[in-house]
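Please keep the sequence and the model in view while reading.

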Amino acid sequence: RRFATNFGRVTLVVAITATGAFLYVTQSEAHPGTQLEQDPTKPTLVVLGSGWGATSFLKNLDTDEFNVVVISPRNYFLFTPLLPSVTVGTLEARSLIQPTRFITRHKKRAVQVYEAEAQDVDPIKKTVTFQDISEIKGTTASVTVPYDYLVYAVGCENQTFGIKGVTEYACFLKELTDADKIRQKLMDCIETAAFKDQSQEEIDRLMHMVVVGGGPTGVEYAGELHDFLIDDLKKWYPEVADRLRITLIEALPNVLPAFSKQLIQYTESTFRENKIDVLTRTMVKDVKEQSVVVQDANKEIREIPYGLLVWATGNTSRPITRNLMNKLPGAQNVRRGLVVDDYLNMTGADQVYCLGDCTATQYAPTAQVASQQGQYLAQVFNKLGQKSKFERDLAAARATGTAEPAEIESLVKKLNRVAKVNPFHYSHQGSLAYIGSEKAIADLPLFNGNVASGGGAAYLFWRSAYVSTLYSIRNRTLVMADWIKVKLFGRDVSRA
Ligand code: FAD
Ligand code: NAI
């Protein structure tokens with residue numbers, strides 16, 4: 001028999017077995033306690049998504065006063081900032097994810113979680129229709145549920161600008177499956193280049209890795225790829241490793257437009273030292289199976305052969321978001337995303353709150369913004385929950401007719417306090433990016449100004465900052481173990 005008590009994130013367990021009694025301490029994650037059942041008298045709060053915005057919201061929400069339903073095609077949270085490391089095996093995919101049920105099982109009141117894609121939101125009838133899009137389907141595939149409150153955090157999809165061939169031939173870098181696909185395809189290119197009697201021209205094509213988009217995603221991927229070449233490929237594929245070339249194509253005059261000038265120069269010079277070709281003022285116009293067609297800085301059109309093409313040109317709204325905007329054309333007229341007010345209320349809709357990449361706000365589409373919005377929104381809902389509770393208590397106190405005036409006054413004060421909600425305020429903690437060869441760049445808001453730093457110290461800061469923001473102790477343990485593993489044994493080059 002086993003008895004467990006939670007103390008914050010730690011669980012004390014007493015196990016009684018045939019051979020004796022044992023006392024041990026574990027992490028609470030593995031031993032969730034009992035939960036209150038859902039209560040039909042409470043309002044239904046539907047959350048769409050399991051990314052940065054939705055997860056931060058769920059983590060900080062007091063579920064006591066709501067019946068929460070989470071709908072997302074991905075049944076886990078993904079720590080995107082370290083995703084580029086998965087593409088070459090610096091980190092293993094599962095080190096960066098946290099199952100949504102691990103998060104919801106630790107809430108006070110039970111939360112329903114459905115692995116499904118929301119297909120439609122009706123802001124007038126206040127319903128969401130969702131569908132199981134996985135391979136295995138049961139007897140019900142599509143369901144419509146009503147909501148009292150909707151938290152909409154479905155993120156964005158990859159921007160292709162409608163350029164032909166992108167979705168067919170390029171790899172994106174947004175989801176865990178994308179990183180896995182890149183790792184597989186990269187190793188396939190290298191193995192094929194090392195194949196017997198391969199022509200020299202074909203080796204050059206297969207060993208040419210092209211990255212389109214010089215934003216942080218493209219830059220970080222190019223940096224990781226360079227590390228893989230230097231640390232591992234040279235050892236295990238000596239016959240072809242020297243033929244590997246990395247080209248980063250960017251339409252603007254420089255990479256990383258959101259970083260300070262000094263860090264842009266530092267990144268470009270580090271890339272030059274690392275023999276990563278950066279083609280700025282170069283725009284990809286067409287994507288073919290084995291080459292990209294670009295218009296270069298001199299406005300000339302040329303074709304660049306590639307083995308692997310990674311497409312990282314930013315975000316665009318998902319179809320469900322565009323569909324939702326079309327339902328409220330008067331209020332939702334910004335192409336970039338959903339319009340919200342300072343309290344994250346969707347303009348033109350009742351009780352719909354939107355956050356993260358799917359919104360069109362003054363903030364950049366980053367994890368930092370989405371998670372702060374999630375935290376803020378949870379506080380709004382926690383106050384809403386407390387308000388209903390105090391209103392119930394006040395009505396009950398008044399109904400008895402015997403309550404002391406001081407008790408009534410105290411409840412009224414509490415009610416007034418929780419009724420006050422402040423607008424969302426974003427606090428920028430700085431921008432970080434890994435650029436390869438154990439160097440990172442950091443733009444940090446310090447001493448009432450901005451401190452820009454690039455190099456080894458910024459790399460150590462980057463690592464410690466991300467390890468400390470990983471979701472759980474489990475994630476931190478796995479990520480640190482992966483880093484140690486790679487230091488000791490190198491990256492795994494198997495195409496498993
Ligand atoms: P997401 O995190 O994308 O979550 C959206 C969720 O909605 C997902 O769970 C998805 O499965 C779900 N969903 C999709 N469609 C539906 C549907 N129809 N119905 C229901 N659910 C749906 N930002 C930083 O601040 N720092 C970084 O270092 C950083 N690094 C990054 C590295 C990479 C490689 C990438 C791709 C992004 C990075 N970002 C970084 C940006 C950051 O990941 C995003 O800004 C953040 O994920 C936005 O959070 P979100 O909740 O809006 O969307
Ligand atoms: P991005 O939008 O930041 O950059 C895309 C780049 O692609 C742009 O510079 C654009 O000029 C270029 N581009 C577009 N079309 C092109 C074409 N046809 N040919 C050549 N270049 C083209 O996109 P990214 O990097 O995916 O980032 C998305 C969001 O996620 C951003 O807000 C970013 O800040 C955030 N993010 C932050 C990271 C960090 O802080 N370390 C890491 C990764 C993403």
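Leaving aside neighbours within four places in sequence, Tyr466 is in contact with Pro81 and Leu82, where contact requires C-beta atoms, placed from the backbone, within 7 Å. Tyr466 is found in helix H11 (residues 456-469); helices (H or I, at least four residues) and strands (E, at least two) are DSSP runs numbered from the N terminus. With 18 C-beta neighbours inside 10 Å, Tyr466 counts as partly exposed. On this scale a residue is buried if 20 or more other C-beta atoms lie within 10 Å of its own, exposed if 12 or fewer, and partly exposed in between, with C-beta atoms placed from the backbone. Between the C-alpha atoms of Tyr466 and Glu268, 198 residues apart along the chain, the separation is 23 Å.

This is a predicted model, in which local features need pLDDT of at least 70 and side-chain atom pairs count only at pLDDT 80 or more, while totals for chains, interfaces and linings use all residues. Residues are numbered from 1 along each chain as its sequence is written, and chains are lettered from A and ligands numbered from 1 in the order in which they are written.

The protein chain is assigned domain 1 (1-31), domain 2 (34-156 + 317-378) and domain 3 (158-316 + 428-489), with bounds that come from an automatic or database domain assignment. The C-alpha centres of domain 2 and domain 3 lie 29 Å apart. Across their interface, 26 residues of domain 2 are in contact with 25 residues of domain 3. On the domain 2 side, strand E6 (76-78) and strand E7 (97-99) are the elements that give two or more residues. The residues of that side divide into 16 nonpolar, eight polar and two charged. In this classification Ala, Val, Leu, Ile, Met, Phe, Trp, Tyr, Cys and Pro count as nonpolar, Asp, Glu, Lys and Arg as charged, and the others, Gly among them, as polar.

Strand E4 (residues 44-48) pairs with E5 in the parallel sense over five bridges, pairing being defined by at least two DSSP bridges between two strands. Within this pair, Val46 stands opposite Val69 in E5.

Around ligand 2 there are 28 residues, of which Gly213, Gly215, Pro216, Thr217 and Gly314 come nearest. Helix H6 (216-236), strand E18 (283-287) and strand E24 (431-436) each supply at least two residues of this shell, and H6 gives the largest share, four residues. The shell around ligand 2 is made up of 16 nonpolar, ten polar and two charged residues. Domain 2 and domain 3 each contribute at least three residues to the shell around ligand 2.

In soluble globular proteins, nonpolar side chains tend to be buried together. The largest nonpolar core here has 120 residues, and Val151, Tyr152, Leu309 and Val310 have the most contacts inside it. Such a core is a set of buried Ala, Val, Leu, Ile, Met, Phe, Trp, Tyr and Cys residues joined through C-beta atoms within 7 Å. H6 gives the most to this core, with seven residues, and at least three residues come from each of domain 2 and domain 3. Not counting residues up to four places away in sequence, Tyr152 touches Leu48, Met346, Val352, Tyr353, Cys354 and Cys358.

Two backbone features complete the account. Most residues other than glycine have a negative phi. Lys299, however, has a positive phi of about 65°. Lys299 lies in the loop between strand E19 (291-295) and strand E20 (301-305), and counts as exposed with 8 C-beta neighbours inside 10 Å. Glu438 likewise has a positive phi, near 55°, and is placed in the loop between E24 and strand E25 (439-446). With 14 other C-beta atoms within 10 Å, Glu438 is partly exposed.

How values were computed:
A residue is near a molecule or strand if its C-beta atom, placed from the backbone, lies within 6 Å of it. Two residues are in contact if their C-beta atoms, placed from the backbone, lie within 7 Å.
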